Amino acid sequence: MKRLHYNAPVILTFFLLCLGALLLGALSRGWTTLHLFSVYRAPLSPLFLVRLLGHVLGHADWDHFLGNMLLLLVAGPHMEEKYGSRALLLGIGLTALISGVLQCLFFPGTVLLGASGIVFMLIMLSSLAGMRSGSIPLTLVLTAALYLGQEVYAILFVSDQVANFMHLVGGACGTAFGFLPGRRHS
């Protein structure tokens with residue numbers, strides 16, 4: 001008989017933390033979502049520092065959560081296997097920190113929450129699979145062109161609550177992380 005295996009500890013724990021944040025938000029009628037799992041410009045405090053990283057755990061509703069988590073669970077385990085749990089956790093943390101800081105600097109009156117920056121970091125990182133020294137994978141070029149085109153179009157022509165700039169930040173983090181020397185390869 002087969003048994004379940006916790007095969008990607010960083011990705012699965014991230015998923016469970018996001019699920020927990022969503023359930024806490026529902027139980028608190030949105031209080032925890034706004035005060036713990038969203039980032040916005042506010043005076044420096046311990047709670048602000050929690051939000052600076054914790055905003056990637058918060059989601060507005062089940063649709064937002066499912067959209068991010070399905071992609072996270074598809075792309076994340078392969079990247080954790082390829083780069084290692086510690087390196088992937090560092091990539092998630094840096095992406096959260098960078099997107100949180102940029103949100104506060106450039107969009108001070110807007111709240112940011114959700115794992116889409118992390119998801120786009122993983123997408124761009126996965127497009128670098130099979131990269132060899134001295135070459136750029138065609139999958140990276142195609143993914144970047146389609147992804148960049150879609151996000152720029154949305155920024156210019158779509159009026160919604162989606163933080164397209166932070167998608168670009170996540171994608172840039174994933175691309176940079178993939179090109180860093182000393183990363184682990186399988």
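**Close-up views of a predicted model**

**View 1. Lining of the second largest pocket.** Sorted by class, the residues around the second largest pocket are nine nonpolar and three polar, with no charged residues. The model shown in this and the other views is predicted. The second largest pocket holds about 180 Å³ of space. Its lining consists of Val-10, Thr-13, Phe-14, Leu-17, Leu-53, Gly-54, Val-56, Leu-57, Leu-89, Ile-92, Gly-93 and Ala-96. Helices H1, H3 (46-54) and H5 each give two or more residues to this lining.

**View 2. Contact of H1 with H5.** The axes of H1 and H5 cross at roughly 40 degrees and come within 9 Å. H1 is therefore oblique to H5. On the H1 side the contact involves Pro-9, Val-10, Ile-11 and Phe-14, and on the H5 side Ser-85, Leu-88, Leu-89 and Ile-92. Seven nonpolar residues and one polar residue make up this contact, and no charged residue takes part.

**View 3. Contact of H3 with H5.** H3 and H5 have axes that come within 7 Å and cross at roughly 115 degrees. H3 contributes Phe-48, Leu-52 and Leu-53, while H5 contributes Gly-93, Ala-96, Leu-97, Gly-100, Val-101 and Cys-104. By class, the contact of H3 with H5 contains seven nonpolar residues, two polar residues and no charged residues.

**View 4. Helix H6 and its surroundings.** Helix H6 spans residues 116-126, and nine of its eleven residues are buried. The buried residues are Ser-116, Gly-117, Ile-118, Val-119, Phe-120, Met-121, Leu-122, Met-124 and Leu-125. They pack against five helices: H1 (9-27), H4 (62-83), H5 (85-106), H7 (138-157) and H8 (164-179).

**View 5. The largest cavity.** One cavity of 30 Å³ or more is counted in the model. About 70 Å³ of space lies in the largest cavity. Around it are His-55, Val-56, Thr-95, Ser-99, Leu-112, Leu-113, Gly-114, Ser-116, Gly-117, Ile-118 and Met-166. Both H5 and H6 supply at least two residues of the lining, and H6 provides the largest share, with three residues. The lining of the largest cavity has five nonpolar residues, six polar residues and no charged residues. Ser-116, Gly-117 and Ile-118 are also listed among the buried residues of H6.

**View 6. Thr-33 in helix H2.** Thr-33 lies in H2, a helix of residues 31-35. Thr-33 counts as buried because its relative accessibility is 15%, and the limit for buried is under 20%. Apart from neighbours within four places in sequence, Thr-33 is in contact with Ala-21, Gly-25, Ser-38, His-59 and Leu-113. Leu-113 is also one of the residues lining the largest cavity.

**View 7. Arg-29 in the loop between H1 and H2.** Arg-29 is located in the loop that runs between H1 and H2. The phi angle of Arg-29 is near 55 degrees, a positive value in a residue other than glycine. Arg-29 has a relative accessible area of 82% and is therefore exposed, the limit for exposed being over 50%.

Key: Residues are numbered from 1 along each chain as its sequence is written. This is a predicted model: local features need pLDDT of at least 70, side-chain atom pairs count only at pLDDT 80 or more; totals for chains, interfaces and linings use all residues. Side-chain values use heavy atoms; hydrogens and water are left out. Buried means under 20% relative accessible area, exposed over 50%, partly exposed in between (1.4 Å probe, protein chains only). Helices (H or I, at least four residues) and strands (E, at least two) are DSSP runs, numbered from the N terminus. Contact means heavy atoms within 4.5 Å. On a 1 Å grid over the protein atoms alone, a cavity is a set of points where a 1.4 Å probe fits but cannot get out, and a pocket is an open set with protein on both sides within 12 Å along at least five of seven lines; lining residues have an atom within 4 Å of a point. Grid points are joined across faces, edges and corners, and a volume is the space filled by probe spheres set on the points. Ala, Val, Leu, Ile, Met, Phe, Trp, Tyr, Cys and Pro count as nonpolar, Asp, Glu, Lys and Arg as charged, and the others, Gly among them, as polar. Axes are lines fitted to C-alpha atoms, for helices over the stretch in contact, and angles run from 0 to 180 degrees between N-to-C directions. Angles under 35 degrees count as roughly parallel, over 145 as roughly antiparallel, 65 to 115 as roughly perpendicular and the rest as oblique.
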